[in-house]
Amino acid sequence: MPSGFESLPHNFLTARVEDLVKWARRNSVWPATFGLACCAIEMMATGAAHYDLARFGMEVFRASPRQADLMIVAGRVSQKMAPVLRQVYDQMVEPKWVISMGVCASSGGMFNNYALVQGVDEVVPVDVYVPGCPPGPETLMHGILTLHDKIRSGELLQRRATSGGGAGVHIEQRDGAPEPVPAS
């Protein structure tokens, strides 16, 4: 039977500093946009008034990587853009998170050629993969909320410590688009 502070229910007076830090990180994620193709339009729609990312503490998309801790890679990444993407990622503050938005960013999509990176995880470690072509704002918000939950639980930092890369959480599509049929 725990005694002392362990037996008290957690509230604002008895919360652990670690829990407060996780709460602050989760509620103040500031995205650095990396919109490269049609997915960027859906990402911009997510930040507009109808979907209102401000209720999650993400109302301002940062233009400077030094003020951001979340990179949303929206669209296909060319071989020429990959070093720039890596430089922006390296300039972001720690801890930093990456969301791969859309099938082109996640796996190269339908563009299987030498000019495009076949998955942004070859350049930066990805924490959450958001599926779709392009994924709608509902799917991106589901990915952001999944990221918030993983930040709150501390699971992402534990996965990074063991794998040395991103967490690689895959989510399901939420915007009513048909699911892809698996090849047989």
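Analyst: Beyond its neighbours within four places in sequence, Ala32 is in contact (heavy atoms within 4.5 Å) with Arg62, Ala68, Leu70, Met71 and Ile72. This is a predicted model, in which local features need pLDDT of at least 70, side-chain atom pairs count only at pLDDT 80 or more, and totals for chains, interfaces and linings use all residues. Residues are numbered from 1 along each chain as its sequence is written, and side-chain values use heavy atoms, with hydrogens and water left out.

Ala32 lies in strand S1, which spans residues 31–35; helices (H or I, at least four residues) and strands (E, at least two) are DSSP runs numbered from the N terminus. Ala32 counts as buried because its relative accessibility is 4%, where buried means under 20% relative accessible area, exposed over 50%, and partly exposed in between, with a 1.4 Å probe and protein chains only. Asp69 is 37 residues away from Ala32 in sequence, yet their C-alpha atoms are 7.2 Å apart in space.

Strand S1 also takes part in covering a helix. The buried residues of H2 are covered by elements that include S1, strand S2 (70–74), strand S3 (97–101) and helix H5 (137–153). In H2 itself, which comprises residues 39–47, the buried residues are Cys39, Ala40, Met43 and Thr46. They lie on the same side of H2 because they cover an arc of only 110 degrees around the axis, the arc being that of the directions from the helix axis to the C-beta atoms. An α-helix has 3.6 residues a turn, so residues three or four places apart point the same way. Ile41 and Met44, on the other side of H2, are exposed.

The setting of these elements is a chain with 6 helices and 5 strands, which follow one another along the sequence as α-β-α-β-α-β-α-β-α-α-β. The chain has 184 residues, of which 43% count as buried. Among contacts with a separation of 6 or more, 77% are between residues 24 or more positions apart. The accessible surface, from the Shrake-Rupley method with a 1.4 Å probe, is about 10,200 Å², and carbon and sulfur atoms contribute 58% of that surface.

Finally, the structure holds 0 disulfides, a disulfide being a pair of cysteine sulfur atoms within 2.5 Å. Cys104 is in no disulfide, and the nearest cysteine sulfur, that of Cys133, is 5.5 Å away. Cys104 is buried, with a relative accessible area of 9%, whereas Cys133 counts as exposed at 53% relative accessibility.
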